[in-house]
2 protein chains.
Amino acid sequence: MSTTAPLRPRKAQIDRTATALFRARGFAATSMRELATALGLEAGSLYSHIKSKEEILHRVCFGLAESFFAGFAAATLDATAPVATQLRQAIEAHVRVLTSDSAASAVFLHEWRHLSEPARGEFLALRDRYEAAFRELIAKGVAAGELHTPDTAFAALTLLASLNWLPAWYRPEGKLAPDEIAHRLAEQLLSGLRHDG
Amino acid sequence: MSTTAPLRPRKAQIDRTATALFRARGFAATSMRELATALGLEAGSLYSHIKSKEEILHRVCFGLAESFFAGFAAATLDATAPVATQLRQAIEAHVRVLTSDSAASAVFLHEWRHLSEPARGEFLALRDRYEAAFRELIAKGVAAGELHTPDTAFAALTLLASLNWLPAWYRPEGKLAPDEIAHRLAEQLLSGLRHDG
DNA sequence: CCTACCGATCGGTAGG
DNA sequence: CCTACCGATCGGTAGG
């Protein structure tokens, strides 16, 4: 776990505002002038706080990756617990990250491709490792007879896909609280739609 | 169902090449000069075939929408069939569209936000109608006692999310054929992961 | 389909 | 944090 130094308040504010714009309009279509205006600054002034537009994207993407790994690690700390329990906790942890900052999550999910190399490759490697962690947990569950699927990799991809759609429709002021959402997602993914399946 | 006139070959080629670029780099980050180069033309020459960059995006997004609706309509033609069967066929139809042109599907899923109004609003209305069709089918299944879920809207969103992740990893040369993918997705979504659930 | 070009806007910098 | 500016590149057009 690489530890990240806390950002100066102004820099954190730039990241937050940029994240909202990147989410709404996409990284490439967001100009530094728009960002500056949203912050009440001139464009050139941004560069006394940051080095480049991509630096912001880098911080958002890798910061979220760190949050996801931390959540998964906490959820699976007790390796002797039933795998279904660990999986449910991992799902809840993932949903908690997605809902606690859905703008940053959307950027993490969709804008990473605008990272230039080598950051882009490093990011994809992290994402692969995270998917692998879910895959291995599911495989463990199948081996223990707790879970059932014809294809572990397939199951992991589908599970994460269902979760990662959340930032597209989640609204903090909506009627479902994050924990309730996590619970329903876990239930539906574990039990399926079929009656008395 | 609005009928679309067939495109002249050159225009169709421009759309295909642009779609691949939009998918790989995003709409905003793809320049008309890149597109022209990929086609072996000069940038200005593109405009004897198309009116604007956005016109291409418009055609791709609305063309895919038409394909999705046509697939759903065919899958649910026989309204007296068991709802589980209709749902399975709708899933298969959706997957068939996604796999038959995964580049256009990825653009449909992620680049529509670069449409300007009123096209953007029209697109979102179509997407909502499509989600509603799945939601109503699931609701019908719950009413008939064939399906089970605490929240129909939630179930529809999760189902489509799982399917729509496909273009992110599907490769035509991969080991799973589209029909096999559709079958496994339907099976997993209907039955869930839990053993003897 | 090309050549030559337009005005607008881009990310970023120098100097204060 | 601002003013003033850089070179590069953008989508698109005129005229042939």
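Colleague: Is K11(B) buried, partly exposed or exposed?

Modeller: K11(B) is partly exposed, because its relative accessible area is 22%. Buried means under 20% relative accessible area, exposed over 50%, and partly exposed in between, with a 1.4 Å probe and protein chains only. This is a predicted model, where local features need pLDDT of at least 70, side-chain atom pairs count only at pLDDT 80 or more, and totals for chains, interfaces and linings use all residues. Residues are numbered from 1 along each chain as its sequence is written, chains are lettered from A and ligands numbered from 1 in the order in which they are written, and side-chain values use heavy atoms, with hydrogens and water left out.

Colleague: Which side chain meets K11(B) in a salt bridge?

Modeller: That of E55(B), at 3.8 Å, N to O. K11(B) sits in helix α1 (residues 9–25) of chain B and E55(B) in helix α3 (residues 53–75) of chain B, so the pair links parts 44 residues apart in sequence. Helices are DSSP runs (H or I, at least four residues), numbered from the N terminus. A salt bridge here is a side-chain nitrogen of Lys or Arg within 4 Å of a carboxyl oxygen of Asp or Glu.

Colleague: And E55(B), buried or exposed?

Modeller: E55(B) is buried, with a relative accessible area of 16%.

Colleague: Which residues in chain A are joined into one salt-bridge network?

Modeller: K11(A), D15(A), E55(A) and R59(A), through salt bridges that share partners. Within that, K11(A) and E55(A) pair at 3.8 Å, N to O.

Colleague: How many salt bridges are there over all chains?

Modeller: The search of the whole structure finds 16. One of them joins E34(A) and R25(A) at 2.6 Å, N to O. E34(A) is partly exposed at 25% relative accessibility, and R25(A) is partly exposed at 40%.

Colleague: Changing topic, where does S162(A) lie?

Modeller: In helix α7 (residues 152–164) of chain A. S162(A) counts as buried because its relative accessibility is 4%.

Colleague: What does its side chain make a polar contact with?

Modeller: The side chain of S162(B), at 2.7 Å. A polar contact is a pair of N or O atoms within 3.5 Å; within protein, one must be able to donate a hydrogen and the other to accept it, and residues adjacent in sequence count only if both atoms are side-chain atoms.

Colleague: What else is S162(A) in contact with, leaving aside neighbours within four places in sequence?

Modeller: Besides S162(B), S162(A) is in contact with L185(A), L189(A), T158(B) and A161(B). Contact means heavy atoms within 4.5 Å.

How values were computed
Helices (H or I, at least four residues) and strands (E, at least two) are DSSP runs, numbered from the N terminus.
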